[in-house]
Amino acid sequence: MSDRRRKASRTILQLGCQLLWVVGLVVGLSGVYLLMNYRQSSLFFSHNYITVPAFFALTSAVFLVVSGGLGTWLSFRDCRFLQGLFVYLLIVVFCLECTASVLAYFYSTKLDSEMAPLSGIFQNYTGSSQDPNSRAVDATQEEWQCCGVHDFRDWLENPWFNHTGGLSVPRSCCNTTFPSCNGTVDQPWLLYAQGCQVKLEMVFQFVLNFIIWGSLVVFPLEVILLMTMAQLMRDVGLMAYRVLDTK
């Protein structure tokens, strides 16, 4: 390999490894964001399987950062052992990213069924600050700016709503842009329009899609890095071995 081609390969390797750091950071943040959202909304899910893609994303992010650091070091020096280790790490990242993207796609199609407990928790709403489920409902409606499961009309069939006289929904349904809102159903335009299930599905769908697209970005980048490293490894000659002369 000529010096010019070798220098170009090292430059490509260095730039590619810097991109690995960026992608690793993005993938890691998406995993953390998924875990944080699940922690706040875990009561509304049937299982905790949706967190599995997040753990694979975090693991792949660690390997991406380590691979990026090792590849950057190899862009300045030659070491056959570390070059082989770099290739091995890229293969591990490929496997982790494939697993994370497949699981993210699978659970993105199951969000509706996984959030089946949401309706039951809303139906058991008591309005008491001592009830953890009621606090979770109010916190969800305030944080995600939603009302009811699908919309505010879900509260019209709620036992708590009928028990209180059927005049108003929880104050957590009030749109904060209208200070005069007191939750009365005769002024529905003062309430949040979207239901909480739609909002939660949108958030989790976005994060899962982010993990999927992150994997799609990693794959071509890894192919380029593998081809570049193959060119560099060809230029490093094998160590010559000989039998030691005892004389």
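Mentor: One term before we start: buried means under 20% relative accessible area, exposed means over 50%, and partly exposed is in between (1.4 Å probe, protein chains only). Also, this is a predicted model, where local features need pLDDT of at least 70, side-chain atom pairs count only at pLDDT 80 or more, and totals for chains, interfaces and linings use all residues. Residues are numbered from 1 along each chain as its sequence is written, and side-chain values use heavy atoms, with hydrogens and water left out.

Trainee: OK. Is Phe-206 buried or exposed?
Mentor: Phe-206 counts as exposed, because its relative accessibility is 52%. Phe-206 lies in helix H8. Helices here are DSSP runs (H or I, at least four residues), numbered from the N terminus, and strands are E runs of at least two.

Trainee: Which residues form the nonpolar patch on the surface?
Mentor: Val-22, Val-26, Tyr-33, Phe-206 and Phe-210. Together they have about 450 Å² of accessible area. Patch residues have over 30% relative accessible area and no salt bridge; nonpolar side chains (Val, Leu, Ile, Met, Phe, Trp, Tyr) are joined within 5 Å, like charges within 9 Å. The areas come from the Shrake-Rupley method with a 1.4 Å probe, and for residues only the protein chains shown count as cover.

Trainee: Which helices supply the patch?
Mentor: Helix H1 (3–41) and helix H8 (196–235) each supply at least two residues. H1 gives the most, with three.

Trainee: Staying on H1, what about Val-27?
Mentor: Val-27 is in helix H1 too. Val-27 counts as buried, because its relative accessibility is 3%. From Val-27 to Leu-191 is 164 residues in sequence and 36 Å in space, C-alpha to C-alpha.

Trainee: How do H1 and H2 cross?
Mentor: Their axes come within 7 Å and cross at roughly 160 degrees. That makes H1 roughly antiparallel to H2. Axes are lines fitted to C-alpha atoms, for helices over the stretch in contact, and angles run from 0 to 180 degrees between N-to-C directions. Under 35 degrees counts as roughly parallel, over 145 as roughly antiparallel, 65 to 115 as roughly perpendicular, and the rest as oblique.

Trainee: And which hand is the crossing of H1 and H2?
Mentor: H1 passes H2 in a left-handed crossing. Left-handed means the near helix is turned anticlockwise from the far one by less than a right angle; clockwise is right-handed.

Trainee: What about H2 and H3?
Mentor: The axes of H2 (residues 52–74) and H3 (residues 80–108) come within 9 Å and cross at roughly 155 degrees. H2 and H3 are therefore roughly antiparallel. H2 passes H3 in a left-handed crossing.

Trainee: New topic. How many salt bridges does the structure hold?
Mentor: One. A salt bridge is a side-chain nitrogen of Lys or Arg within 4 Å of a carboxyl oxygen of Asp or Glu. Here Arg-153 pairs with Asp-151, and the closest N and O atoms are 2.8 Å apart.

Trainee: Is Arg-153 buried or exposed?
Mentor: Arg-153 counts as exposed, at 51% relative accessibility. Asp-151 counts as buried, at 15%.

Trainee: Last one. What is the phi of Gln-145?
Mentor: Positive, about 55 degrees, although Gln-145 is not a glycine. Most residues other than glycine have a negative phi. Gln-145 sits in the loop between helix H6 (132–144) and helix H7 (159–163). Gln-145 is partly exposed, at 41% relative accessible area.
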